[in-house]
Amino acid sequence: MKFKTSPGAVLVTRNLNPCRECSQEGRSARLLAPIRGALASFLISMALVLVGTSATSAAEVAPLSAGAAKVDITERNAGPVNDTLYARALVLKSAKTTAVLVSVDAVAIGEIGYIKNDYLPNVRARLQKELGISPTNVMVNASHCHGIVCADVEERTFQAVKAAVQNLVPVRVGSGVGHEDRISENRRLKLKSGKEADVRHAYSLPPDDEVAEVGPIDPQIGILRLDRLDGRTLAVVYNFACHPIQGVQGGANTADVTGFASQVIEDNLSEGTIALFLQGCGGDINPVLYKDVDHPRHAEPLGNMLGLSALKAVRKVKCLEDARLTVINEMLTLPRADREERINGLETEQRRLLQSLKGTSLNFKTFLPLAVKYNASSDFPSYSSHRYLHDKTLGRDDWNKLDVENRKNMQQYIANIHTMEQLTRVQTNLNLLKKHQASLIASGKRTVDVELLGIRIGDFVLVTFPGELTVRIGLNIKKASPHEKTFVAGYTNGYIYYAPTAEQLLNTGEAQEDCDSILAPEWQKLFESRAAELLKQL
């Protein structure tokens, strides 16, 4: 009789006639014994594989957990406050990894501003001691707003992270990109001379007829969205490149453009949503109309536009269960620049400019009305036309000769003004170069070690750097990345001043980015190569 068996079943039979078939059964048993042993071993192995596969699958599909919180870090005793500054924290936890992202409404993480150099190591040490979070998995980004934070910002940052840890919930993850090109402009001006200047309040702009072109911006908004399993949004991370330094009316304390943008996002999503801004490669990117003198300064309209553009992108993101969470922390040694030669060159230029100033009979009081008259009527600036015509009929040319003399004096006065404006740029940038040269000598080192972070959260991939990266650096890294959604955050885990391109550094002395930098031109290739390696590992 033949029997059908299900896979993996063991068939047991009984001999109905043992006396007649016993010898045959013995022979069959001896023949089947090795087969039965092999079959048993196979079944045990398959069971172990299935158990292992099930455990691995369960780990892979286990949902990512996240918690978010924000804490007020505004200094309330430093004059008027326009809006609140925050430390916002996002904690992410997978089966194997815990990561912390912190966004601080401050100018920098150490070195300049109100956050001290021991802030980051102290926060990390406490997170490790009290919450068991590895220091290498903690990322702190400064928005680079110029607001004033409170003295106990370190304690409040820890409390924000602690609150986020205490509120961990399973989440779904999604990423996307937004677009905003109305609120930012490249502040480096390419001049017809081949040099570059930049747009700052610290010194005057070069004359319009000397400007040839401007550089690019990065209008992309990087988006990470985290939703609770019931569909409510827990947190949004958004990355954008722009100096948030527009300010507000009266100069009150403010989180500036990005503070207003975060508020727009939080107010228009689920209750309790936390919106963390990560500053991108905004080293040479200003808010538009930064030097406008005809309207009150106010960052809120620009922040509203950025927030609404980010919100538009967030609403298009579909969140899925995705537990991928990877953090790579590496140190990179970069070369420092010796600025002595450039300092000597600028000091020579400074002396040349001083010697080019020439005397003129005009002062500001007499120059200003002449400038108005000669621009109002180029043919008859000193009096009405009939007086010029009357003298002409008498064979005299006194009024025209007066105009020649006045124009000569005005041209020299204007030339002196332009020279003085150029002197302000030279003097300001010379001071920056001398500051960093003194630091180089005091350090006794020709290199600087910087911390880089590579983070992957679902399809959202981020590389960080502790300096003010200029926009072309970020554009280069994004273009070379194997990941569709790649973003770059400067101003992270420390501060080493500006990080311009090698080409921009060759312009040393003419713009802030290339003077307020400690790096040698070779740094760019080293960093971009290492960033590419990090992205491949992610």
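The entries below go from confidence to sheets and then to helix pairs.

**Entry 1: confidence**

I note at the start that this is a predicted model. I looked up the pLDDT, which averages 91 over the protein, and 89% of the residues score at least 70. Where pLDDT is low, predicted coordinates should not be read in detail.

In what order do the eight strands of the open sheet lie? I read the order as 4-3-2-1-5-10-11-12, with mixed pairing. Strand 4 (138-142) and strand 12 (274-279) stand at the edges. Each has a single partner strand, so one side of each is left without a neighbour in the sheet. On average, neighbouring strands of this sheet are turned by 25° against each other, direction ignored.

I checked what packs on this sheet and found helix 3 (residues 153-166). Helix 3 touches strand 1, strand 2 and strand 3 (98-104), and its direction makes about 145° with that of strand 1.

Next I followed strand 1 (residues 64-72) to its partners. Strand 1 runs antiparallel to strand 5 (residues 169-179), and three bridges join the two. On this side I found Ser65 opposite Pro170 of strand 5. With strand 2 (residues 86-93), strand 1 pairs over eight bridges, also in the antiparallel sense. Here Gly67 has Val91 of strand 2 as its bridge partner.

I moved on to an open sheet of four strands, in the order 14-15-16-18. Its pairing is mixed. Which strands are at the edges? They are strand 14 (325-335) and strand 18 (486-489), each pairing on one side only. The twist from one strand to the next averages 20°.

Strand 14 and strand 15 (residues 447-457) are joined by eleven bridges in the antiparallel sense. I picked out Pro335, whose bridge partner in strand 15 is Thr447. Helix 13 (residues 523-537) packs on this sheet. I see helix 13 touching strand 14, strand 15, strand 16 (460-464) and strand 18, and its direction makes about 165° with that of strand 14.

**Entry 2: helix 2 and helix 3**

I came back to helix 3 to look at a helix partner. The axes of helix 2 (residues 119-131) and helix 3 come within 10 Å and cross at roughly 35°. Their crossing is right-handed. I listed the residues in contact: among them are Tyr119, Val123 and Leu127 of helix 2 and Phe158, Val161 and Val165 of helix 3. By class, the contact has eight nonpolar, three polar and five charged residues.

**Entry 3: helix 6 and helix 9**

How do helix 6 and helix 9 run relative to each other? Helix 6 (residues 340-356) and helix 9 (residues 398-443) pack at an angle of about 160°, their axes 10 Å apart. The two are therefore roughly antiparallel. I noted their crossing as left-handed. The contact includes Ile343, Leu346 and Leu353 of helix 6, and Leu423, Val426 and Leu430 of helix 9. I found eight nonpolar, seven polar and five charged residues in this contact.

**Entry 4: helix 7 and helix 9**

I then looked for another partner of helix 9. Helix 7 (residues 364-376) packs against helix 9 at about 115°, with the axes 10 Å apart, and the crossing is left-handed. In helix 7 the residues in contact are Phe364, Phe367, Leu370, Ala371 and Tyr374. They meet residues of helix 9 including Leu402, Arg407, Met410 and Tyr413. How does this contact divide by class? I read nine nonpolar residues, one polar and two charged.

Conventions. Residues are numbered from 1 along each chain as its sequence is written. This is a predicted model: local features need pLDDT of at least 70, side-chain atom pairs count only at pLDDT 80 or more; totals for chains, interfaces and linings use all residues. Side-chain values use heavy atoms; hydrogens and water are left out. Axes are lines fitted to C-alpha atoms, for helices over the stretch in contact, and angles run from 0 to 180 degrees between N-to-C directions. Angles under 35 degrees count as roughly parallel, over 145 as roughly antiparallel, 65 to 115 as roughly perpendicular and the rest as oblique. A crossing is left-handed if the near helix is turned anticlockwise from the far one by less than a right angle, and right-handed if clockwise. Contact means heavy atoms within 4.5 Å. Ala, Val, Leu, Ile, Met, Phe, Trp, Tyr, Cys and Pro count as nonpolar, Asp, Glu, Lys and Arg as charged, and the others, Gly among them, as polar. pLDDT is the predictor's confidence in each residue, from 0 to 100. Two strands pair if DSSP finds at least two bridges between them.
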